[in-house]
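Hello,

Here is the structure I promised you. Have a look at it first, and then read on for what I found in it.

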Amino acid sequence: VPRTAALMKEYEKAGVTRMTFVDDEFGNEDMVFLERLSDALLAQGNRVKFDVAFRLDVISERKQKPEEQAYRLEVLRKLKRAGLYGIFVGLESGSPDQLKRYSKGISIEEARKSLSVLIDLGFEVTAGYIAYDPLMRKKEINQNMDFLESDIGGRPAYLIASRFMNTLMVQQGTPYLRLMQSTGLIKGLQSNMTFYDVDYVDPRV
């Protein structure tokens, strides 16, 4: 924490006004660390706005006890006062079946609640979205469209979603690849040795 706070002070002296922590797992489980960082930044009068990435289930998750949720909300409020401005979250889909395939570990309603909480706290929220995947069915397109047109925090969800026409790339070493292996849809590994060429289970998609 002291090193991070000291670096941000140096950036401030250099004229930096906004920065991004490039860490997909920023403080996802260690709220104590985030509180300590907030305290350090507040103590030095930090003026640098910063953006981070969070998992949605860190904000609101059904297994959390009420006191744990209250503590996390208080830490988020403190982070806001310390300079946290933008939060990127990996929502990925408005379809329950897709969320299961993506191994998100969160329901649509939990996602809605988490997004609403962040918006109500005054953060600039951007939700990563991967609307299409090779195992997608037509009903899931409709579910995504309904979700994107629905209201979250007083605004349509499509204003929160980033690049909501994104397509899932099937990648080596992922749970999604294991889902695909028994479908006969995998055509072969691309020359980049990371992603696969695939067919879609529903050609209309």
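Let me start with a pair of helices: α2 (residues 31-43) packs with α4 (residues 66-82) at an angle of about 30°, their axes being 9 Å apart. (Axes here are lines fitted to C-alpha atoms, for helices over the stretch in contact, and angles run from 0 to 180 degrees between N-to-C directions.) The two helices, α2 and α4, are therefore roughly parallel to each other, a label for angles under 35 degrees, whereas over 145 counts as roughly antiparallel, 65 to 115 as roughly perpendicular and the rest as oblique. Their crossing is left-handed, meaning that the near helix is turned anticlockwise from the far one by less than a right angle; clockwise would be right-handed. On the α2 side the contact is made by M31, V32, L34, E35, S38, D39, L41 and L42, and on the α4 side by Y71, R72, V75, K78, L79, R81 and A82. Contact means heavy atoms within 4.5 Å.

Before going further, some notes on the model. It is a predicted one, in which local features need pLDDT of at least 70 and side-chain atom pairs count only at pLDDT 80 or more, while totals for chains, interfaces and linings use all residues. Residues are numbered from 1 along each chain as its sequence is written, and side-chain values use heavy atoms, with hydrogens and water left out.

As for the whole chain, there are eight helices and nine strands, taken as DSSP runs (helices: H or I, at least four residues; strands: E, at least two) and numbered from the N terminus. The C-alpha trace spans about 60 × 40 × 30 Å along its principal axes. Of the 205 residues, 43% count as buried, which is to say under 20% relative accessible area; exposed is over 50% and partly exposed in between (1.4 Å probe, protein chains only). Among contacts between residues at least 6 apart in sequence, 74% join residues at least 24 apart.

A5, M8 and E12 of α1 are buried. They cover an arc of only 60° around the axis, which puts them on the same side of α1; the arc is that of the directions from the helix axis to the C-beta atoms. These buried residues pack against β1 (18-20), α2 and β2 (49-54), while the face turned away from them carries the exposed P2, R3 and K13. Just after α1, G15 takes a positive phi of about 100°.

In α7 (residues 138-149), E140, N144, F147 and L148 are buried. Seen down the axis of α7, they fall within an arc of 95°, so they line one face of the helix. D146 and E149 are exposed on the other side of α7.

Finally, two buried residues to look at:

- I59 lies in α3 (residues 56-59) and is buried, with a relative accessible area of 5%. I59 touches F54, Q64, L76, S114, V117 and L118, leaving aside residues up to four places away in sequence.
- M180, found in α8 (residues 175-180), counts as buried at 0% relative accessibility. M180 and P134 are 46 residues apart in sequence and 8.4 Å apart in space, C-alpha to C-alpha.

Best wishes
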